[in-house]
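Colleague: I am new to this structure and would like to learn how to read a few of its features. Could you take me through them one at a time?

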Amino acid sequence: VSVEKGDYWQLIEADPNGQGDKRQITNQQANYFQGLYSPDAQQILAASNLDGDLDIYLLDAFSGEVVQQLTNAPGDDYQPYWLPDYSGFVFSSTRDGNDEIYLMYFDTLQPIRLTNNPAFDGFASVSANGEQIAFYSSREEADYEIYVMDIDGQNPTRLTYAKGRDALPVYSPSGEWIIFESERDGDYDIYRMRPDGSELENLTNHPAGDWIPSLSPDGQWLLFQSDRDGVMHIYRMPWQE
């Protein structure tokens, strides 16, 4: 997780049982965001402003040092998300003037632009079968909505239509659900729906704010950020498909 330490945001390994921080991974005069472990837990895919603007890096999971800089373009590259087979990743970028979604494979390291819209498109996640991408966008409404598209950027389909912001979609490990944050009921809660937009369900239903959902790698826990205790903390609840 990213935690503010002094003047910068650093990557911290937290105890999944709620016993606090286990260790600080990065310790540079730079910000680090969206850290995701590789399958062998030896490396971390993350965004950082080490070179001024945000770029995507592979970091050593133990020392926090850079193994490889993966993007290097004007503008910000952020919110990386592994492909299911770890052959590459999707990410968001402002390199072409506004926020769009890109795909990059490790064997070429050439960005492939997937969206091309004057509105915001960003924060993509990939389905378990590697065939679809979920993201959120302001392309049709002033409020943000959840969309899905094919892995090559074709056939974008809008899934949500509620008043208020729907954002930060992630697929469940099985690919049977999309989990996202929404303010459709006046405050932010965590919701889930099927990949076709059906069977919508409020999972947290709390008067405080609940944001930024993610699933644990073993698929047992839904994690999210909340200020329900007066300050911002990370919470978890059991996940069932």
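**Reading backbone and side-chain features**

Modeller: Let us begin with Gln34, which sits in strand β4, a strand made of residues 32–37; please keep in mind that this is a predicted model.

Colleague: Is Gln34 buried, partly exposed or exposed?

Modeller: Buried means under 20% relative accessible area and exposed means over 50%, with partly exposed in between. The relative accessibility of Gln34 is 25%, so this residue counts as partly exposed.

Colleague: Where does Leu109 lie, and what is its phi?

Modeller: Leu109 is found in the loop that runs between β10 (100–105) and β11 (112–113), and, although not a glycine, Leu109 has a positive phi of about 55°. With a relative accessible area of 23%, Leu109 is partly exposed.

Colleague: Which strand holds Ser93, and is Ser93 buried or exposed?

Modeller: Ser93 belongs to strand β9, which covers residues 88–93, and its relative accessibility is 0%, so Ser93 counts as buried.

Colleague: What lies 3.0 Å from a polar atom of the Ser93 side chain, and which residues does Ser93 touch?

Modeller: A polar atom of that side chain lies 3.0 Å from the backbone nitrogen of Arg95. Leaving aside residues up to four places away in sequence, Ser93 touches Asp76, Asp77, Tyr78, Asn98, Asp99, Glu100 and Tyr102.

How values were computed: Residues numbered from 1 in each chain as written. Predicted model: local features only at pLDDT ≥ 70, side-chain atom pairs only at ≥ 80, totals over all residues. Heavy atoms only, no water. Helix = DSSP H or I, 4+ residues; strand = E, 2+ residues; numbered from the N terminus. Buried < 20%, exposed > 50% of the residue type's maximum accessible area, 1.4 Å probe, protein only. Polar contact = N/O pair within 3.5 Å; in protein donor to acceptor, adjacent residues only side chain to side chain. Contact = heavy atoms within 4.5 Å.
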